[in-house]
Amino acid sequence: IVPSLLTCTSIAVGFFSIAEALAGHAESAAWLVLLCTLLDKADGSAARLFHASSRFGLELDSLSDLVAFGVAPACSRPTDSAMEKQPASAAPISAT
């Protein structure tokens, strides 16, 4: 049960990272993804330590990985509307 609790915590932190990214707080979203990395490592270590492996645990870990390392980083990507808010000096120079 300990590995599954760590995995569920990682999913929750991943969703919080998504919320932070969508609110425009990319730096805190990135730190939360880093925390998910540590939780992912901890749940794998706990599963090996307690010899607690199940099909459900594997699927839950896959869901956690999808949220933390797939969706959350994608939500942190700058959007076109965020790019429009940058000052003109930060805009890329086109090669003509």
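Start with α1 and α2: these two helices are roughly antiparallel to each other, because their axes meet at about 170° and anything over 145 counts as roughly antiparallel. Keep in mind that you're looking at a predicted model. The two axes lie 9 Å apart.

Now show side chains along that contact. On α1, pick residues including Val2, Leu6, Val13, Phe16 and Glu20; on α2, their partners in the contact include Leu32, Leu35, Cys36, Leu39 and Asp43. Colour the whole contact by class and you'll get 15 nonpolar, six polar and two charged residues.

Select Val33, Cys36, Thr37, Asp40 and Asp43 on α2, then Asp61, Asp65, Ala68, Phe69 and Ala72 on α3. Those make the contact, and by class they split into five nonpolar, one polar and four charged.

Last stop: where is the largest pocket? Centre the view on Pro3, Ala47, Ala52, Gly57 and Leu58, the closest to its centre among the 15 lining residues. The pocket holds about 290 Å³ of space. α1 (2–22), α2 (26–49) and α3 (55–75) each give two or more residues to its lining.

Conventions. Residues numbered from 1 in each chain as written. Predicted model: local features only at pLDDT ≥ 70, side-chain atom pairs only at ≥ 80, totals over all residues. Heavy atoms only, no water. 1 Å grid on protein atoms, 1.4 Å probe; cavity = no way out; pocket = protein on both sides within 12 Å on 5 of 7 lines; lining within 4 Å. Points joined across faces, edges and corners; volume = space filled by probe spheres on them. Helix = DSSP H or I, 4+ residues; strand = E, 2+ residues; numbered from the N terminus. Contact = heavy atoms within 4.5 Å. Nonpolar A, V, L, I, M, F, W, Y, C, P; charged D, E, K, R; others polar. Axes fitted to C-alpha atoms, helices over the stretch in contact; angles between N-to-C directions. Parallel < 35°, antiparallel > 145°, perpendicular 65-115°, else oblique.
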